[in-house]
Amino acid sequence: MRLTLMHRNVEVAEFDVDDATGIVGKDVKVLDYSHMPPGTVLKQQFLDRHGFSQWWVNRCIPISRTGIRDLLDPLGISYPTQLLTKSMGLSLSDSYWVREHPSDSRWEDVNFFENSFSEDIGLLLFGQQVDTEHMSFSSPDVTSEGNLRKRWTIVDGRRCLIKGGSGPYKQEPFNEAIASEICRAMNIPHVDYDVIWIDGFPYSMCEDFVDGRTEYIPASHILQAYGSRGSESIYDKYVRVCSLLDIDIVPFLNEMITLDYVIANDDRHLNNFGLLRDAETLEWLGPAPLYDCGSSLGNGLLTSEFPTMAGKRCKPFKGTFEEQIRLVRDFDVSRLDGVLDALLDVERILDMAGDRLEGDRTAAITSLITDRVGSAHKVLSRAP
């Protein structure tokens, strides 16, 4: 199948995909280098074929997603990438999409920011019954990343993401809501999360933080797009690259690293923070608000393992939290004081879990936050 990659209404590239797998073929023709997805061209003028193929594959829902077989098996599909062409590759994160070549489809008529979409894919991912013979593939769920069960929905005109938890505690949704409260207490730009319940299980829900006029580009794509220096650390490289884009990213990184230390977020990988870009002018606007903080507060650990949190591995700049927080410079430690004032809100959120979290685990989580606020205060007070 021959496709045209579009960025809004700009024709960006033409390429083939294999009908049986959905994988990009060898015949890729770039039509507009300036609008190519960041990380898919070299020196802004040469196609990176591997980078483009990876961008296409990574755009699709991963095979590791919880509930993926509930989606693929009823459809008789082997590879998630086969769904991309069926959904026109449309996303609620950016303005890229594909149309069959030739076609006169336009962005205004197909994008999910302004037009409704089907929830059939999302319902299948949640293990619900759908008439697969008559279902619609017009869904942003095809291009959602991550391994946890999730789906998009429209609530009072707002595009909202519903995301589940893992393990026996299903703690991630509560962690997201707690992180929202802590960000608010520290005056850190963030995405607000609420806890909702579906069929007796907790889920987090948040509103999309881009709107079609803006788009989100992950840090991994930005680093790939603007080259590297072999001896640079990832931190120094990201600061340098953002500076090239006229963005002073250090204040944001100070906030992100401090937050992740306080909540012990061990999964701040390079795909869940990044920059916002004007979708029409391609002007870089600044850092995206912080989001995706579910893998924190001892998630995945037994309550008895909380005291061993020191030395726990983290991402993305250093191997441990103790090493990473020492990257922070010029951070007003008084902003940490509000976290302790927010503990009542933290306890309120944890109380929503009911019997799902044992009483000693709830107490351990609030103690963990208190202890880590104190440790962060000490470390940052000594920072030059």
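This report describes helix packing and a few individual residues in a predicted model.

## Basis of the description

Residues are numbered from 1 along each chain as its sequence is written, and side-chain values use heavy atoms, with hydrogens and water left out. Because the model is predicted, local features need pLDDT of at least 70 and side-chain atom pairs count only at pLDDT 80 or more, while totals for chains, interfaces and linings use all residues.

## Helix 2 and its buried side

Helix 2 covers residues 68-75, where helices (H or I, at least four residues) and strands (E, at least two) are DSSP runs numbered from the N terminus. Within helix 2, Ile68, Leu71, Leu72 and Leu75 are buried, a word that stands for under 20% relative accessible area, with exposed meaning over 50% and partly exposed lying in between (1.4 Å probe, protein chains only). These four residues cover an arc of only 80° around the axis, which places them on the same side of helix 2; the arc is that of the directions from the helix axis to the C-beta atoms.

The buried residues of helix 2 pack against helix 3 (82-86) and helix 5 (120-125), contact being defined as heavy atoms within 4.5 Å. Just after helix 2, Gly76 takes a positive phi of about 65°.

## Helix 6 against helix 12

Two packed helices are described by the angle between their axes and the distance between the axes. For helix 6 (residues 172-186) and helix 12 (residues 343-351), the axes come within 10 Å and cross at roughly 165°; axes are lines fitted to C-alpha atoms, for helices over the stretch in contact, and angles run from 0 to 180 degrees between N-to-C directions. Helix 6 and helix 12 are therefore roughly antiparallel to each other, given that angles under 35 degrees count as roughly parallel, over 145 as roughly antiparallel, 65 to 115 as roughly perpendicular and the rest as oblique.

In this pair, Phe174, Ala177, Ile178 and Glu181 of helix 6 meet Asp345, Val346, Arg348, Ile349 and Leu350 of helix 12. The residues of this contact divide into 6 nonpolar, no polar and 3 charged, where Ala, Val, Leu, Ile, Met, Phe, Trp, Tyr, Cys and Pro count as nonpolar, Asp, Glu, Lys and Arg as charged, and the others, Gly among them, as polar.

## Helix 6 against helix 9

The axes of helix 6 and helix 9 come within 11 Å and cross at roughly 130°, and the two helices are therefore oblique to each other. Here Ala179, Ile182, Cys183 and Met186 in helix 6 meet Thr258, Leu259 and Ile263 in helix 9, a contact with 6 nonpolar, 1 polar and no charged residues.

Asn175 has its place in helix 6 and is buried, with a relative accessible area of 0%. Leaving aside neighbours within four places in sequence, Asn175 is in contact with Cys293, Gly294, Ser296, Leu297 and Asn299. Asn254, in helix 9 (residues 250-263), counts as buried at 4% relative accessibility, and Asn254 touches Leu327, Val328, Arg329, Asp330 and Phe331, not counting residues up to four places away in sequence.

Trp197 belongs to strand 9 (residues 193-198) and is partly exposed, with a relative accessible area of 38%. Beyond its neighbours within four places in sequence, Trp197 is in contact with Phe174, Pro202, Met352, Ala353 and Arg356. Trp197 and Pro173 are 24 residues apart in sequence and 10.0 Å apart in space, C-alpha to C-alpha.
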